[in-house]
Amino acid sequence: MTGGYEGYLDSLRKVCEVVEDRHPTSAELTEEISKRLGVTKKAAGGKESFLRSAGVLRVEDGLCILSQEAKQWLENDRVDALVAVIHSRCRFIGEMIAELAEPLSTEETRSAAGRYGLRWATNTQIDNRRGWLQSSRLIEVTEGGRLVATTAGRALAASLELYRVGPINPGKVDHQKPQSFPKESLINAEGLAAEIEKASTDSKNPKRFELAVRAGFAFLGFDARQLGGAGKTDVLLNAPLGKGLAYRVTVDAKTVGAGNLGDHQVDWLTLKDHRMKHQADYAVLVGPEPSGVRLIERAEANEIAVLSASLLAGLCLQHAEAPLGLADYRSLFATLAGDGTWKRRGGKVDTSDLDEAASEGPRMRSVAAAIVKVLSDRCMIVGPLRARDLWLIMLERGELAEGSSKDEIQGLLDMLAHPLVRAVDGDAETGYVPSSKPDVTRMRLQLLTTSVAPEAVS
């Protein structure tokens, strides 16, 4: 929701009041959410869909109504009822409160979620839950910036049925043995992520961390070289996007055996010198759990981005599921100014834009799969279907197309009907039918991959 960590419930109240007063359709509510919360229609559709899946809203006879728990909250301020119903539908809500019996950082909370089988690549899912719980006054922030449950939060967690943590398979990665990465296309993302985190605290072998960081950025698509040595940056990144768009980044990798990188361990002047010496556009410092107000303030003053080793590891895991481009990854090192130019980022890296972009790939794949499935199920009965037909059918069936627009469905149909893909046949006017068996579509896509992105020969 919008409004920051303290404002989730304020935004929810605006939505619930519309539902209670008007009983809108899903499409009408999406329009109202867009207007009242100041978000795009696509984002509004996602929020409307989430509120239904979380048990806050229901749809009856095509109209949105509040659940009993949402009514209790709206009319009697029963925040416990609201959070309890969200907990019943979403993983790691009550469990997060229970884990925060002692103060934890955001990344420590994300690590705790891993014990429940939730291996999130970045902090976005924790931040989303934090918004609900902090605005509900069930958790709060300590002076040191850590999250901790309030008395009300601990009481609610004790009343909820929580997921029991079972033994987690640690996998086959040997964390004690440095990993080698001879060929980025074959890197196992989990092994790479584990090595980045482990190497960041191997202070007796700093080159190991440099190599792991280089491999991580190479996996993200950069031309990455490990340099090191006197007067040189540890890793140099190039993003060959073409004239006027390409950019270069110096990367300094700092190992800390204790696991927390502080300001006293950073020579900011040297990092600036590295950026100038290599004629780089941006500079980034990578280390284990960078912490402390002074470190962030000095990084901001020197226009140096700060990226934790665990977040770089998470980006690699996310990239394996939803590969992004070098234009997307520029946001790690820079922010887009109002005049359309890029300004060097200083301080802690914000991955929210990347997380949103990464979520689009899996979502669009799910919608495309739903389109093909609906066509396969219905076309032999009703004949060719157009974009609007498919959109309405998928909304009715509760497919992942909820929150999508008819135009988005049409765009995917255009892609699926392209001769290089040809998963479907038809056009916007007459409608679409499946083109052939899925195996044939797979063959076309494999041939396209071989032609456009042949595997590099080493």
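Author: Glu303 lies in the loop between H13 and S9. Before we go on, this is a predicted model, where local features need pLDDT of at least 70, side-chain atom pairs count only at pLDDT 80 or more, and totals for chains, interfaces and linings use all residues. Residues are numbered from 1 along each chain as its sequence is written, and side-chain values use heavy atoms, with hydrogens and water left out.

Reader: Why is Glu303 called partly exposed?

Author: Buried means under 20% relative accessible area, exposed over 50%, and partly exposed in between (1.4 Å probe, protein chains only). Glu303 has 28%, so it is partly exposed. Its phi is positive, about 55°, although Glu303 is not a glycine.

Reader: Which class does Asp77 fall into, buried or exposed?

Author: Asp77 has 54% relative accessibility and therefore counts as exposed. Asp77 sits in the loop between helix H4 (68–76) and helix H5 (79–89). Asp77 also has a positive phi, near 60°, and is a residue other than glycine.

Reader: How do you know that Arg294 forms a salt bridge with Asp263?

Author: A salt bridge is a side-chain nitrogen of Lys or Arg within 4 Å of a carboxyl oxygen of Asp or Glu. For Arg294 and Asp263, the closest N and O atoms are 3.2 Å apart, so the pair meets that definition. The two residues belong to distant parts of the chain, 31 residues apart: Arg294 is in helix H13, and Asp263 is in the loop between S7 and helix H12 (268–277).

Reader: Are those two partners buried or exposed?

Author: Arg294, at 51%, counts as exposed, whereas Asp263, at 14%, counts as buried.

Reader: How many salt bridges are found in the whole structure?

Author: The search finds 19. Another one of them joins Asp389 and Arg386. Asp389 is partly exposed at 27%, as is Arg386 at 43%.

Reader: How do you know that strands S8 and S9 pair?

Author: Two strands pair if DSSP finds at least two bridges between them. S8 (residues 282–287) and S9 are joined by 4 bridges and run parallel, so they count as paired. Within this pair, Leu285 stands opposite Val306 in S9.

Reader: What is the order of the strands in the sheet?

Author: The open sheet has 6 strands in the order S5-S6-S7-S8-S9-S12, with mixed pairing.

Reader: Why are S5 and S12 called edge strands?

Author: Strand S5 (223–226) and strand S12 (347–348) each pair on one side only.

Reader: Which helix packs on the sheet, and what does touching mean there?

Author: Helix H11 (residues 206–219) does, touching S5, S6, S7, S8 and S9. Contact means heavy atoms within 4.5 Å.

Notes:
Axes fitted to C-alpha atoms, helices over the stretch in contact; angles between N-to-C directions.
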